Amino acid sequence: MQFIINGAAYDADPDIRTSLLDLLRDHLGLTGTKKGCDHGQCGACTVLVGGRRINACLTLAVMHDGDTITTIEGLAEGDALHPMQAAFVKHDGFQCGYCTPGQIMSAVGMLDEVRAGMPSHVSASLDTIELSEDEISERMSGNLCRCSAYPNIVDAIAEVAGLAPADREVAGA
Amino acid sequence: MKPFSYARADSPEAAVAAIGATSSGGARFIAGGTNLLDLMKLQIEAPEALVDISRLDLAQVEEHDGGVRIGALVPNSDLAAHPLIRARYPMLARALLSGASAQLRNKATTGGNLLQRTRCYYFYDTAAPCNKRAPGTGCNAQGGFNRIHAVLGTSEHCIATHPSDMAVAMRALDAVVVTLQPGGDRRRIALADLYRLPGDTPQIETSLQPGELITHIELPAPPVGKQLYRKVRDRASYAFAVVSVAAAIAVEDGTISSARLAFGGLAPMPWRNAAVEAALIGQPAGTAAFEAAADALLKDARGQGHNDFKIPLMRRTLIAALRDLTEAAR
């Protein structure tokens, strides 16, 4: 099997039962992606496959042979943090930090979904999507934070999304 | 996970042939895998072979015969966002968006969503008896913790619910499942006929034959009137329905002229009852008709203790949904 991860080619021949998450962590040494529940409930293992966010724990590595994958290690350019990483630092969007790689990967994927005009459960209209704090919370509901850093996570994402502070106060009041 | 063999199919015909080659019945198709792999990790499912259908060319949504034809591999997120679905079948878009998380919707497929298994606690607990997981062992949900369980369509052998939101909207929309059978024949199955009530064989959940592959789901032209999907759940996001309703209602001159309704969280399958629609059609859009519809739906409902609340909750949810849908017309 071969995978294009963060722009580099990786070869691996794991047991057929190996999840994409275990491939990354145990076979390729990419331990930035975290294992929380291992059942698709917590979002700590979120990575981008072909640009879309998925739970790496709930898919087999073999099913992604040849795919292009982005993990948390692939966001920064050298020492320059990705804007989402910088915003999480600025807004203190974490406490213990275990869920953070998944939160950041999910947020990056989420904003691409918003740019593509994909609606969410809280979108008043299915046609015109306007990002708000409520939209961010709903769209990030697949990422749990047991430290409950949610307000700061939402602030970090809102800043990257370019939400005006006034909009955020209204939605978060 | 138990060991299994793996093969990737390059055509639907090759997929059903590969499944047929493992004659013991221990093979499964895998597409999104979000439910199957979860169950395999817990050894609730332990297939001896997986046939990977995820790269088959079955991921299009296209206009078809006045309605739409949906490839079985269309991800839930793409289906919800598709312009045809948003414009003509908003109840389906809303049902999809109310289910699971964004990560899961990006992976879960249309066909797989239909075939997902129940989230009954006892089905998931391999230390507990469960007639669905281990036929003949019993059902601890009855007399046990049954807050999430069914109040309609149950049997003494099983009271599990079907967990899908998408399937509830598709039931109201008269969806038809198109399959490819191992012999190469195609079959069209009304969604109403895809699912089976538990009876004394709760382990048999659908009318699909071993090795039969869902290739498409067809929706006829959308129903007239306004559409809605309303879901009640224990938290605001990322939770299964306690109860839900998918509805399309048309009102002409204050009288209900068309009604299509299906319900989630109530039964072992997405639930529909012609008597509910008959109680509405031809009646003035108002409380009397709405209450009559709720009476028709819940006449035979029976709680098991913890889930007794679902019966009044469903009544209020249905009436509220009907009020919302007819407000402008009353």
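Predicted model: local features only at pLDDT ≥ 70, side-chain atom pairs only at ≥ 80, totals over all residues.
Q: What makes the set of 74 residues a nonpolar core?
A: Its members count as a core because they are buried residues of nonpolar types joined through side-chain atoms within 4.5 Å. This one is the largest nonpolar core, and B:Leu92, B:Met170 and B:Leu261 touch the most other members.

Q: Which residues does B:Leu261 touch, leaving out those up to four places away in sequence?
A: Among them are B:Ala172, B:Val245, B:Ile249, B:Trp271, B:Val276, B:Leu280, B:Leu318 and B:Leu322.

Q: How do you know that chain B and chain A are in contact?
A: Contact means heavy atoms within 4.5 Å, and 40 residues of chain B are in contact with 38 residues of chain A. The two chains bury about 3,200 Å² between them, 53% of it on carbon and sulfur atoms. On the chain B side, B:Arg86, B:Arg94 and B:Gln103 lose the most area to chain A, together 21% of what that side buries.

Q: Why is the largest cavity called a cavity and not a pocket?
A: The name applies because a 1.4 Å probe fits there but cannot get out, whereas a pocket is open. About 120 Å³ of space lies in this cavity. Its lining has 13 residues, and A:Glu113, A:Pro119, B:Ser77, B:Ala102 and B:Arg105 lie nearest its centre. In chain B, α3 (76–81) and α6 each supply at least two lining residues.

Q: How do you know that the second largest cavity belongs in the search result?
A: The search of the whole structure finds 2 cavities of 30 Å³ or more, and this one has a volume of about 70 Å³, so it passes the cut-off. Closest to its centre are B:Cys120, B:Cys130, B:Cys139, B:Cys158 and B:Ile159, out of 15 lining residues.

Q: What makes B:Cys120 and B:Ile159 nonpolar in the lining of that cavity?
A: Cys and Ile both count as nonpolar, and the lining divides into 9 nonpolar, 5 polar and 1 charged.

Q: What lines the second largest pocket?
A: This pocket of about 440 Å³ has 21 lining residues, with B:Ser54, B:Leu73, B:Pro75, B:Asn106 and B:Lys107 closest to its centre. By class, the lining has 9 nonpolar, 7 polar and 5 charged residues.

Methods
Residues numbered from 1 in each chain as written. Chains lettered and ligands numbered in written order. Heavy atoms only, no water. Buried < 20%, exposed > 50% of the residue type's maximum accessible area, 1.4 Å probe, protein only. 1 Å grid on protein atoms, 1.4 Å probe; cavity = no way out; pocket = protein on both sides within 12 Å on 5 of 7 lines; lining within 4 Å. Points joined across faces, edges and corners; volume = space filled by probe spheres on them. Buried area = accessible area lost by both parts, 1.4 Å probe. Helix = DSSP H or I, 4+ residues; strand = E, 2+ residues; numbered from the N terminus.
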